Amino acid sequence: MEKYIYLKNTTDYSKLKVAGEIIKQGGLVLFPTETVYGLGANGLDEDAVKKIYIAKGRKQDNPLILHVSNFDMVSKIAKDISDIEYTLMKTFWPGPFTIILNRTKIVPDIVTAGLDTVGVRMPSGEIARALISYAEVPIAAPSANISGRPSGTNVSDIFEELSGKVDYIVDGGECEVGLESTVVRVVDGVPTILRPGKISPEDIQKVIGVVKIDEHILKNIEPDEKVLSPGMKYRHYAPKSQCLLIYSEDNEKMVKKIQEISKEYTNPLVISCIENAKYYEVNHKIIYGAKENLNEIAQNIFKDLRKVDSFHPDIVIIEGVKNQGIGLAIMNRLIRACEYHYIKI
Ligand code: TXA
Ligand code: MG
């Protein structure tokens with residue numbers, strides 16, 4: 001049985017010393033960040049990192065992010081850092097932002113899946129940062145979930161699938177953001193978003209003047225297509241039930257379409273904003289938040305996706321959101337959860 005500690009509403013993180021020791025000794029620690037929970041191990045220890053892949057059932061060609069607590073750690077694991085890359089780190093760290101940098105030899109191949117780059121992030125979550133400081137090494141950590149499932153944003157959602165596979169659980173309550181970090185690689189001087197998150201294209205544009213959104217973020221990827229980030233290829237965030245995403249900028253049109261389609265099924269479930277829920281006469285409804293509060297929707301969406309299978313619906317219809325700010329990240333996750341079953345009208 002793994003050790004467990006609850007660390008909500010405290011500023012005394014000295015109890016994390018033990019978890020830091022476990023990381024140092026090659027163990028696995030489940031811990032909160034401001035985005036989602038991470039499944040952490042010593043990022044410089046090949047055997048420890050191997051345990052992450054086994055616990056998650058993760059494909060070996062999908063690289064991990066190294067989490068750091070200061071810039072000294074960055075200079076050990078990354079090299080040839082450009083001015084633009086520095087500016088991005090200085091601006092968005094600590095925070096929900098990951099940057100792909102050229103790696104040094106100290107980083108084991110298993111972390112980067114053999115690539116010559118490494119994803120690096122300095123989280124703003126106090127628990128995460130304290131844990132990295134006590135561990136005194138960069139912590140490799142993917143989102144805490146079995147591969148393919150929605151990422152965990154609280155311990156009770158993931159306890160069943162990860163209990164028995166980790167040495168220590170640090171419970172910090174609900175994650176603040178609810179979606180994983182923005183992943184950026186600077187290509188020919190242009191910050192290119194490989195995975196959208198809370199740090200939006202608009203935020204990056206403001207600081208650097210240019211930004212590019214990788215074309216694969218909102219579209220299907222062919223099996224043999226070359227992508228900049230291996231994680232883009234995989235089935236993700238998906239409930240077992242069949243899901244369908246519907247969006248129109250015209251709210252009335254969207255509601256009508258959802259009403260129409262839901263009538264074709266015997267046990268439909270609709271996930272919608274609170275304002276629209278009253279329009280749906282369906283067996284099951286889940287409300288993901290207020291229409292204009294995208295931060296609230298982001299925080300709830302993985303939790304809501306985890307609930308749907310228990311209703312045994314024959315269809316899950318999900319309302320899309322506008323593509324602005326964190327809305328792009330919400331749509332990116334929803335499109336994948338629906339395995340590209342997406343109607344835009
Ligand atoms: O918010 C987050 O980023 C969370 C928390 C725990 O920090 N972590 C997370 O890790 O979401 P993971 O492993 O679930 O997703 C990492 C993503 C994957 O899509 C992976 O393919 C991509 O980052 N990635 C990692 N290293 C990369 C590299 N060197 N080049 C391109 N993509 C990379
Ligand atoms: Mg993940």
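A polar contact is taken here as a pair of N or O atoms within 3.5 Å; within protein, one must be able to donate a hydrogen and the other to accept it, and residues adjacent in sequence count only if both atoms are side-chain atoms. The structure is a predicted model, in which local features need pLDDT of at least 70 and side-chain atom pairs count only at pLDDT 80 or more, whereas totals for chains, interfaces and linings use all residues. Residues are numbered from 1 along each chain as its sequence is written, ligands are numbered from 1 in the order in which they are written, and side-chain values use heavy atoms, with hydrogens and water left out.

We can start with the ligand. In the side chain of His-67, an N or O atom sits 2.6 Å from an oxygen atom of ligand 1. Ser-229 places a polar side-chain atom 2.9 Å from a nitrogen atom of ligand 1, while Gly-231 uses a backbone N or O atom, 2.8 Å from a ligand oxygen. Of the 680 Å² that ligand 1 exposes when taken alone, the protein buries 97% (accessible areas by the Shrake-Rupley method with a 1.4 Å probe).

The shell around ligand 1 comprises 12 nonpolar, 10 polar and 4 charged residues (Ala, Val, Leu, Ile, Met, Phe, Trp, Tyr, Cys and Pro count as nonpolar, Asp, Glu, Lys and Arg as charged, and the others, Gly among them, as polar). Its largest share, 4 residues, comes from β7 (strands are DSSP runs of E, at least two residues, and helices runs of H or I, at least four, numbered from the N terminus).
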